[in-house]
Amino acid sequence: MTSPATHAISVNPANGEVLSSLPWASAAQVNQAIALADSGYRLWRQKTVAERADALRAVGAVLRRHADEMALMITREVGKPIAQARGEVAKSAALFDWYAEHGPVMLSTEATMVENNNAVIEYRPMGPILAIMPWNFPLWQVVRGAVPILLAGNSYLLKHAPNVMGSAALIGKIFNEAGIPEGVFGWVNATNDGVSQAINDVRIAAVTLTGSMRAGKAIGAQSGAALKKCVLELGGSDPFIVLNDADLELAVPAAVTGRYQNTGQVCAASKRFIVEAGVAEAFTQKFIAATEALKMGSPEDEQNYLGPMARYDLRDELHYQVQATLAEGATLLLGGEKISGAGNYYTPTVLGNVTPEMTAFRQEMFGPVAAITIARDADHALALANDSEFGLSATVFTGSEQEAQRFASELEVGGVFINGYSASDARVAFGGVKKSGFGRELSHFGLHEFCNVQTVWKNRR
């Protein structure tokens, strides 16, 4: 019999079935993984950018061949509805193609303002990069960091969430099948002590983490003590702002998708719905009706939009936050219940009359719960949106382009989405400010994050 003390255990959140267990890596095994990443880096960095791009394009092609297997693995380990899991796989495969096509230009020699072009910028690799990744997008979260990191000439060592070891193994299999040299992409089932060991190993050049604020504080502190760069993406409590002139026929479907995709377990999901008073009642009624229409059940059933939450402890924590918010004076408009029986199901929930001092406003609600707050006017809506320790992204629905631009300039977030819910895309930077972390993924910003930006100055007098 295995236990979480000795093994990482993957459990199907829809029925409680144990899918797999894997012993935690010993210190010697962590050291071996680092050694492989280091040797892989020294081989990989010698390849041209064009060669690396071609190799990564080949990985994307192999991923497409394993698309059904990968999607089903995600669904069974995380509880993500199968249609959404397929979407994650397709989006991830497209990322390989995009960076293979556009990345080499971003890594080319860059001119400076120095006369006669005697000084240029070169983008060099740094070394093995340790990546600590979460469970909610077990493929996308990995490849959106790994592809630019690898294209730049680094190697990538993955420490994945312990409940998605099957996904980690399948991703590794896909890289191997595509012919990527050993050690260039690797993964290790490390404990917290193993992660600390890796961060403090001289061979690890830098660290990237997607996870909780608590994890970010720990990894950021350790990386800083080791004088190593880190990129932290720590989630948020993203506002979805609806002004009086918003088109509710567009805003409501976007709000429902923005809140409940992946059963609400998205770092950049809309979580705080800040609605101007003039449309608050109409928006709330339409939002509740649309939420009630969502089908919940087995994530392997094509008809279901909502599945179980990934772990029972996360469901318990979410329910505690809902109950705390109600005790603080909010109104339960829909849901608010753990569903009995097998699986970690939680009813899609809407909380009304939420005010800034309440739990659902102040904390990240990582599950299918929406909190609605009424704003007196547009300025009040802006102030409420910024009244958060998080700053990942924000959505604004308005019919005024001028007002939209004003909000974009004053919102304290890494991404603003006007008349559309927040999302990530290879073509644009993704990341946050305040306690949502620092650094950027995707686009040329993500590609350059883990480069040695080297100045080469010829004949300096």
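**Entry 1: the three-stranded sheet**

I looked up the sheet that holds β3 and found an open one of three strands, in the order β3-β4-β18, with antiparallel pairing. Its edge strands are β3 (110-111) and β18 (451-457), each of which pairs on one side only. I noted that strands count as paired if DSSP finds at least two bridges between them. I also noted that strands (E, at least two residues) and helices (H or I, at least four) are DSSP runs, numbered from the N terminus. Between β3 and β4, which run antiparallel, there are two bridges. I recorded Val120 in β4 as the bridge partner of Ala111.

**Entry 2: basis of the values**

This is a predicted model, in which local features need pLDDT of at least 70 and side-chain atom pairs count only at pLDDT 80 or more, while totals for chains, interfaces and linings use all residues. Residues are numbered from 1 along each chain as its sequence is written, and side-chain values use heavy atoms, with hydrogens and water left out.

**Entry 3: the seven-stranded sheet**

I traced a second open sheet, of seven strands with mixed pairing, in the order β12-β13-β14-β11-β10-β15-β16. Because β12 (331-334) and β16 each have a single partner strand, they stand at the edges, and one side of each is left without a neighbour in the sheet. On average, neighbouring strands here are turned by 25° against each other, direction ignored. Axes are lines fitted to C-alpha atoms, for helices over the stretch in contact, and angles run from 0 to 180 degrees between N-to-C directions.

**Entry 4: strand β15**

I then examined β15 (residues 393-397), where five of five residues are buried. Buried means under 20% relative accessible area, exposed over 50%, and partly exposed in between (1.4 Å probe, protein chains only). Ser393, Thr395 and Phe397 point one way from β15, whereas Ala394 and Val396 point the other way. In a regular strand the side chains alternate between the two faces of the sheet.

Strand β10 (residues 238-242) runs parallel to β15 and is joined to it by three bridges. I listed two of the partners: Phe240 with Thr395, and Val242 with Phe397. Four bridges join β15 to β16 (residues 415-418), also in parallel; Thr395 has Phe417 of β16 as a bridge partner. Together with helix α14 (residues 401-410), β15 and β16 make a right-handed β-α-β unit. Right-handed means that, with the strands pointing away from the viewer, the path from the first strand over the helix to the second runs clockwise.

**Entry 5: helix α11 and Gln321**

Helix α11 lies across β12, β13 (349-352) and β14 (369-375), at about 25° to β13. Gln321 is found in α11 (residues 312-327). Is Gln321 buried or exposed? Gln321 counts as buried because its relative accessibility is 5%. Leaving aside neighbours within four places in sequence, Gln321 is in contact (heavy atoms within 4.5 Å) with Thr359, Gln363, Glu364 and Met365.

**Entry 6: nonpolar cores**

A nonpolar core is a set of buried Ala, Val, Leu, Ile, Met, Phe, Trp, Tyr and Cys residues joined through side-chain atoms within 4.5 Å. The largest has 60 residues, and Met70, Tyr156 and Phe175 have the most contacts inside it. Among the elements that each supply at least two residues are α3 (67-78), β4 (119-125) and α6 (165-177). Helix α4 gives the most to this core, with 10 residues. Apart from this core lies another, of 33 residues, including Leu314, Ala360, Ala394 and Leu411.
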